[in-house]
Amino acid sequence: DFSADSGWIPWFCGLKGHELFAEVEEEYVRDNFNLYGLRQRFQFYEHALEMILSSEAPEDDDLADAEFLEIYRDASDLYGLIHARYIASPRGLQAMRDKYLKGVFGTCPRVLCDRQHMLPMGLAEDLRAAQVKIFCPKCEQVYAAKSKYRELDGAFFGMSFPQIFLQTYPTLLSLEVPRPFVPRVFGFRIHKQKSVIAIKEEKDRKERAKGRWQQDLDEP
């Protein structure tokens, strides 16, 4: 619960489903250098920025007003794109580190990763291209986020965040080699049995090699 003078940013980050967000510092938002290139992407940029920096949280009547909601949508997207830049800064990385250590971003659904803590990321830098995904540093796979987070745009976190985070905090990276799943039949290990992924990768390599060979033949 937030009081009327909590400010828009803590109110927005405290909404259900927004737990993945860090609270961007107002000082960062007020620095025009950090906002470079964002103005032309929003119809109500000035009003949206003013809303983000407001010292008051919206009231129920505001959220029922159509004109307010238009600006709010721009403010939400603008905050998300600012957030993607902020979490790559030293202060932003520290805020996300605290969330990571608490397991706020969830744990890997892969059983053999032993509940490895995960990191949010996007698969594109553009808005509306893809929903937020969750990256596991141990198996290095990308997973769908929990349903309560699926309204969050992947651009709010960016494609590079996990790599920047792990390069900044290498001691948080697990040194254990991910344990592969070993298929067995009645307790006996299946020897020389390739996984479906391995079969597909081998087929793909053969097709690419065949394509290069055909290209060489076609060249004069």
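I started with Lys16, which is exposed at a relative accessible area of 76%; exposed means over 50%, buried under 20%, and partly exposed in between (1.4 Å probe, protein chains only). The model is predicted: local features need pLDDT of at least 70 and side-chain atom pairs pLDDT 80 or more, while totals for chains, interfaces and linings use all residues. Residues are numbered from 1 along each chain as its sequence is written, and side-chain values use heavy atoms, without hydrogens and water.

I placed Lys16 in the loop between α1 (8-13) and α2 (26-30). Helices here are DSSP runs of H or I with at least four residues, strands are runs of E with at least two, and both are numbered from the N terminus.

I then looked up the core. The largest nonpolar core has 57 residues, where a core is a set of buried Ala, Val, Leu, Ile, Met, Phe, Trp, Tyr and Cys residues joined through side-chain atoms within 4.5 Å. Trp8, Leu78, Tyr79, Phe157 and Phe165 have the most contacts inside it. I noted that α4 (66-86) is among the elements that each supply at least two residues. The largest share, 9 residues, comes from α4.

Last, I checked phi. Most residues other than glycine have a negative phi. Asp114, in the loop between α5 and β1, has phi near 55° and is partly exposed at 44%. Phe186 also has phi near 55°; I found Phe186 in the loop between β4 (184-185) and β5 (188-189), exposed at 80% relative accessibility.
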